[in-house]
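Reader: I am new to reading protein models. Could you take me through one, feature by feature?

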Amino acid sequence: MDWRERALCRFEDPDLFFPIGRADNALVLVQTDEAKAVCRRCPVLGRCLQWALDTGPMDGIWGATTEGERRALRRRAARAGAPVMTHAA
């Protein structure tokens, strides 16, 4: 079974995970928080985050992170000379 088949986001409106607008917009912040709350309950959060980190820049909330948060994870790993890994991967 593919990890995506166990993802909780399958049962949510996909638009929830793709907020539109500036990151400092109150509605975008609320939507982002709601999407991350779904992710935090998900049994495949670590697999999802690792997939998003391995795949590269992309829009949306993946593994309870925004694109900007994943970029920061990649930068920190690059500075440390280590691969970008999640704890649950």
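Author: We will go from confidence to fold, then to size, surface and charge. Keep in mind that this is a predicted model.

Reader: What is the mean pLDDT of the protein chain?

Author: pLDDT is the predictor's confidence in each residue, from 0 to 100. Here the mean for the protein chain is 90. Of its residues, 94% reach 70 or more.

Reader: Where is confidence lowest, and where is it highest?

Author: Look at the elements. Helix H3 (residues 67-80) is lowest, with a mean of 90. Helix H1 (residues 26-41) is highest, at 96.

Reader: How many helices and strands are there?

Author: The protein chain has 3 helices and 0 strands. Read from the N terminus, the order is α-α-α.

Reader: What does the radius of gyration say about the protein chain?

Author: Compare it with a rule for globules. For 89 residues, a compact globule would come near 12 Å. The protein chain has 13 Å, which agrees. Its C-alpha atoms fill a box of roughly 35 × 35 × 20 Å along the principal axes.

Reader: What share of the residues is buried?

Author: Buried means under 20% relative accessible area. In the protein chain, 34% of the 89 residues are buried. The accessible surface is about 5900 Å². Carbon and sulfur atoms account for 57% of that surface.

Reader: Which share of contacts joins residues at least 24 apart?

Author: Take contacts between residues at least 6 apart in sequence. Of these, 45% join residues at least 24 apart.

Reader: How far apart are the mean positions of the charges?

Author: The protein chain has 14 positive and 12 negative charges. Their mean positions lie 8 Å apart.

How values were computed:
Residues numbered from 1 in each chain as written. Predicted model: local features only at pLDDT ≥ 70, side-chain atom pairs only at ≥ 80, totals over all residues. Heavy atoms only, no water. Helix = DSSP H or I, 4+ residues; strand = E, 2+ residues; numbered from the N terminus. Rg over C-alpha atoms; globule rule 2.2 N^0.38 Å. Buried < 20%, exposed > 50% of the residue type's maximum accessible area, 1.4 Å probe, protein only. Contact = heavy atoms within 4.5 Å. Areas by Shrake-Rupley, 256 points an atom, 1.4 Å probe, with all protein chains shown as cover. Lys, Arg positive; Asp, Glu negative; His and termini not counted. Charge placed at Lys NZ, Arg CZ, Asp CG, Glu CD.
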